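Thanks for coming, everyone. Let me put the structure on the screen and walk through it.

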Amino acid sequence: MEIIKILISELPQFAKGTLVAIEVLVGLLFVGIVIGLAIALAEIFGNSLTKFLATTLRKFLWAIPQLVLLFLVFYLPFDLNPMLAAIIALGLCSSAFQSQIFRGAILSVQSGQIEAAKAMGMSRPRTIFYIVIPQMIRLSIGPWTNEFSSELKDTSLAYVVGVVEIMRNAKYIIAYTYGNTAAVYLFVGILYFTLTRIGTYFFYKLEDRLWVPGFEKRS
Amino acid sequence: MSTILEVKNLTKKFDDNEVLKDVSFELKKGETLAVIGSSGSGKSTLLRCLNHLSPPDSGQILLEGININTPETDINRVRADMGFVFQDFNLFTHLTILENVMFGPLRVRRWSKDKARQIATAEIKTVGMLDKIDSYPAQLSGGQQQRISIARALALKPKLILFDEPTSALDPELTGEVLSVMTDLAHSGMTAIVVTHEMGFARSVADKVIFIDQGLIVEQGPSKTLFSAPQHERTKLFLKNFSGLE
């Protein structure tokens with residue numbers, strides 16, 4: 001099997017591509033967390049103006065296909081490099097989804113606890129920081145792991161603007177060896193599967209570590 | 001003894017519904033005041049008006065002689081000086097018992113960690129829960145959670161404590177342990193306002209009682225007098241519901 005030899009000889013390239021994919025993933029998740037959390041907090045605790053702005057932004061990002069936003073950001077006249085464009089565009093898309101994860105988690109924090117902090121003389125921002133966010137983190141990890149694996153797969157879109165990640169490696173091999181397309185994609189599929197499993201394993205571990213006695217545990 | 005709280009002509013409306021009508025009373029340092037009345041009479045609203053969880057529309061609230069019902073008041077400082085105990089405890093579920101009770105001293109008063117821990121441990125001891133110091137709220141019974149929420153209020157070193165039906169969410173067996181903590185507090189000289197349906201507690205522990213009906217104080221006075229010789233028909237009618245229960 002010629003293709004197996006080729007794939008083996010291309011492993012260093014795939015390793016590089018995997019690292020690039022992970023960089024894009026970490027970058028876009030970070031953008032998504034920051035903007036997503038801002039949207040969630042504004043939608044719940046904001047005044048009518050910030051609420052309106054956050055909801056509009058969220059609906060806008062929600063409705064645009066990732067590919068369209070990716071090209072849009074890439075072709076903006078800022079001369080962004082492909083990696084940065086991918087991180088920003090995919091991160092913005094992810095922020096819409098992450099905002100709803102955080103929003104749901106924040107709303108699950110009993111309002112009585114927020115009122116108790118208020119009655120103790122604690123300001124709203126400090127209440128959010130010390131009472132709401134810590135509980136939100138624990139409640140978010142499950143659904144957030146879902147978003148993590150979904151975004152890991154979506155890093156494969158970055159190849160369209162020229163980011164040399166896993167898909168780009170695959171395309172390259174397909175271009176210079178004929179007739180092995182399925183085999184290459186099979187390999188790539190296994191690679192993504194492995195990455196996803198490793199990632200989710202660590203988030204499940206984290207969820208266990210943040211478990212609070214007396215609450216239900218995911219079995 | 002000096003007057004710690006004086007309330008003058010307090011009113012509160014929800015839309016067109018007058019929940020509190022011209023409520024006035026005063027409380028001396030170390031006294032326990034019980035506020036009784038039927039559900040919907042406005043007694044919880046009165047309590048929530050005092051620390052502006054539900055800001056009153058008009059009237060004065062003088063805490064140690066200073067009117068706190070003004071826009072210039074830093075309400076968070078006032079709230080820290082008035083402990084509040086909720087009907088449904090509202091403990092912080094992600095924190096241990098010790099962390100819950102340390103929260104006020106550490107995060108609101110911004111005292112040092114050592115001082116906060118020392119105060120918290122002492123207050124947890126006061127409510128008899130030292131053995132649960134590392135547990136989480138969800139591991140405790142309702143009565144235990146309420147005792148911790150009392151410790152949490154005490155740890156702020158407040159000038160007075162407001163209890164909003166502290167035993168209404170508990171079954172009779174658990175009610176006793178909470179009432180006994182509150183009785184000890186009253187005897188130790190803590191100033192407290194207790195909104196309650198526990199007539200036994202109001203009669204035997206409280207110094208003063210206010211009976212409130214449809215947002216009006218119908219009658220107030222020393223608890224002995226109010227229970228043994230109520231002056232108004234409405235008070236007599238209300239207390240009749242409880243006769244024979246004690």
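Start with B:E219. Leaving aside its neighbours within four places in sequence, this residue is in contact with B:V209, B:I210, B:F211, B:L226, B:A229, B:P230, B:Q231, B:H232 and B:T235. Keep in mind that this is a predicted model. B:E219 sits in strand β10 of chain B, residues 216–222. Is B:E219 buried or exposed? Buried, with a relative accessible area of 8%. The cut-off for buried is under 20%. One distance to go with that. B:E219 and B:S41 are 178 residues apart in sequence, yet their C-alpha atoms are 13 Å apart in space.

Stay in chain B. Go to helix α1, residues 43–50. How many of the eight residues of α1(B) are buried? Six of them, so the helix is largely enclosed by the rest of the structure. Here is the list: B:K43, B:T45, B:L46, B:L47, B:C49 and B:L50. Note that a lysine, B:K43, is on it.

Now step off the end of that helix. B:N51 is in the loop that runs from α1 to β4 (58–63) of chain B. Its relative accessibility is 0%, so B:N51 counts as buried. What does B:N51 touch, neighbours within four places in sequence aside? From chain B, the contacts are B:I75, B:R79, B:M82, B:F84 and B:L162. From chain A, there is A:A119.

Also after α1(B) comes B:H52, with a positive phi near 60 degrees.

Take B:K157 in chain B. Its phi is positive, about 55 degrees, and it is not a glycine. B:K157 belongs to the loop between α5 (142–155) and β7 (160–164) of chain B. It is partly exposed, at 42% relative accessible area.

Then A:D79 in chain A. Again not a glycine, again a positive phi, about 60 degrees. You will find A:D79 in the loop between α4 and α5 of chain A. Its relative accessible area is 77%, so A:D79 is exposed.

That brings us to chain A as a whole. Which secondary structure elements does chain A have? Nine helices and zero strands. Along its principal axes, the C-alpha trace spans about 70 × 45 × 20 Å. Chain A has 219 residues, and 46% of them count as buried. Of the contacts in chain A with a separation of 6 or more, 74% are between residues 24 or more positions apart.

Surface and charge next. The accessible surface of chain A is about 11,600 Å², and carbon and sulfur atoms account for 69% of it. Chain A carries 18 positive and 13 negative side chains. The centres of those two sets are 7 Å apart.

Now the inside. In soluble globular proteins, nonpolar side chains tend to be buried together. The largest nonpolar core here has 52 residues. Which of them touch the most other members? A:V24, A:L69, A:I166 and A:V188. The biggest share comes from α5(A), with twelve residues. Apart from this core lies another, of 41 residues, including B:L47, B:L53, B:F103 and B:V195.

Zoom in on A:V24. With neighbours within four places in sequence left out, its contacts are A:M83, A:A86, A:I87, A:L90, A:T155 and A:V163.

Last stop, α1(A). Its buried residues include A:I3, A:I6 and A:L7. Seen down the helix axis, the buried residues of α1(A) fall within an arc of 100 degrees, so they line one face. The background is simple. An α-helix has 3.6 residues a turn, so residues three or four places apart point the same way. On the other side of α1(A), A:K5, A:I8 and A:S9 are exposed. Note the isoleucine there, A:I8. What covers the buried residues of α1(A)? The cover includes α2, α8 and α9 of chain A.

That's the tour. Over to you.

Note on methods: Residues are numbered from 1 along each chain as its sequence is written. Chains are lettered from A and ligands numbered from 1 in the order in which they are written. This is a predicted model: local features need pLDDT of at least 70, side-chain atom pairs count only at pLDDT 80 or more; totals for chains, interfaces and linings use all residues. Side-chain values use heavy atoms; hydrogens and water are left out. Helices (H or I, at least four residues) and strands (E, at least two) are DSSP runs, numbered from the N terminus. Buried means under 20% relative accessible area, exposed over 50%, partly exposed in between (1.4 Å probe, protein chains only). Contact means heavy atoms within 4.5 Å. Accessible areas come from the Shrake-Rupley method with a 1.4 Å probe; for residues, only the protein chains shown count as cover. Lys and Arg count as positive and Asp and Glu as negative; His and the chain ends are not counted. The place of a charge is taken as NZ of Lys, CZ of Arg, CG of Asp or CD of Glu. A nonpolar core is a set of buried Ala, Val, Leu, Ile, Met, Phe, Trp, Tyr and Cys residues joined through side-chain atoms within 4.5 Å. The arc is that of the directions from the helix axis to the C-beta atoms.
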